[in-house]
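Let's take a friendly walk through a structure that is new to you. Have a look at it first.

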Amino acid sequence: MTDTVEAEILADVHRGVGRILLNRPKALNALTTDMIVAIDRVLAGWEHAPLSAVVLASTGPKAFCAGGDIRAIREHSLAGDAGASERFFATEYRLNARIAEYPVPVVSLIDGLCMGGGLGLSVHGGFRVVTERAALAMPETGIGFFPDVGASYFLPRLPGAIGMYLGLTGHRLDAADALYTGLATHFVPTHRIDSVGDALADRPGDPVDVVLNRLAGRSPVAQSRLAEVREDVDRVFGAPTLGEIEKRLRHLDTPWAAATSVALESASPQSLEITHALLARGRQRPLRGCLDAELALGRTVIRTPDFLEGVRAALVDKDRTPRWQRPSLDVGTLPYGS
């Protein structure tokens, strides 16, 4: 590990609380393979230490983690370096599983943007704290990919059809919506978020839930806009096929339906088909089975024209006008897992 990577991941133990800080603020803490390896090594080293909790946070106010460094994955694909991409995803998914199975409570402090791989770092832990600045999303269908990092496990387990809605549209959640869905577990105002680690250290014998509730301000969950359209979300995205979802949307004359139709129309058609099939199977599999299926899918999808074009439009040229192709894969034959 280079000194640069070590500087991008800051870790220490303070009064019995492990602290891991993401420190790549200019890139909104987008994860590289080396960063993921560094986090995994730290957690492996602490696994049998007498810690009361592990806190994951960011050194900057804009983002917890904007996701994986997907531009690098595109570059690997263009260069024909499948091995580099395989290492990235395999390492990331191994870390996701470690966090889910970690023997010490993992507390993620989401103050700012949290997308894709950022959700992989946080959602698999037991405690996900959001502030009023939090914004969460799985926007992969908009870049020609699919929700990964275990999303095929955690999205189908959200209430009703919310997970299918979030996975297909990439809809961005604020703190109220994140708490309403269960992707977040606690609300702590921004001005108190830096005191979480000390509060956990001060009361090592108290349940983490109790400590976090002491810091909590008034929860914004009652202001959830997603809750207001929940009936329509469940009706539309509970449909058995992608075609039926689109049909039910057309029959609704509401601002939510119009905005949702636009979101689906702007996404990669191939990604929508893959995501629907993947999430439909996810509820019946354990996390590691979901991660295995995502890894197998990823090997194929990152080489497709829609992935290369989607990342170009969103992250390279940033013109936001991807030119999608008809699905280049027979999506029915892809390795979604049993």
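Predicted model: local features only at pLDDT ≥ 70, side-chain atom pairs only at ≥ 80, totals over all residues.

Residues are numbered from 1 along each chain as its sequence is written, and side-chain values use heavy atoms, with hydrogens and water left out.

Searching the whole structure turns up 8 aromatic pairs (rings of Phe, Tyr and Trp, the last by its six-membered ring, with centres within 6.5 Å; planes under 30 degrees apart are stacked, over 60 edge-to-face, the rest tilted). Take Phe89 and Tyr93: their ring centres sit 5.9 Å apart with planes at 45 degrees, so this pair is tilted. Both Phe89 and Tyr93 are buried (under 20% relative accessible area, with exposed over 50% and partly exposed in between, using a 1.4 Å probe and protein chains only). Ring pairs also join Phe89 and Tyr93 with Phe88, Phe145, Phe146 and Phe307 in a cluster.

Now for the helices (DSSP runs of H or I, at least four residues, numbered from the N terminus).

| Helix | Residues |
|---|---|
| H4 | 82–100 |
| H7 | 162–169 |

Phe89 and Tyr93 are 4 residues apart in H4, so about one helical turn separates them. Beyond its neighbours within four places in sequence, Ser85 is in contact (heavy atoms within 4.5 Å) with Ile73, His76, Ser77 and Ile302.

H7 is mostly covered, with 8 of its 8 residues buried. Among the elements covering those buried residues are helix H8 (175–181) and helix H15 (269–282). After H7 comes Gly170, with a positive phi near 70 degrees.

Technical notes:
Helix = DSSP H or I, 4+ residues; strand = E, 2+ residues; numbered from the N terminus.
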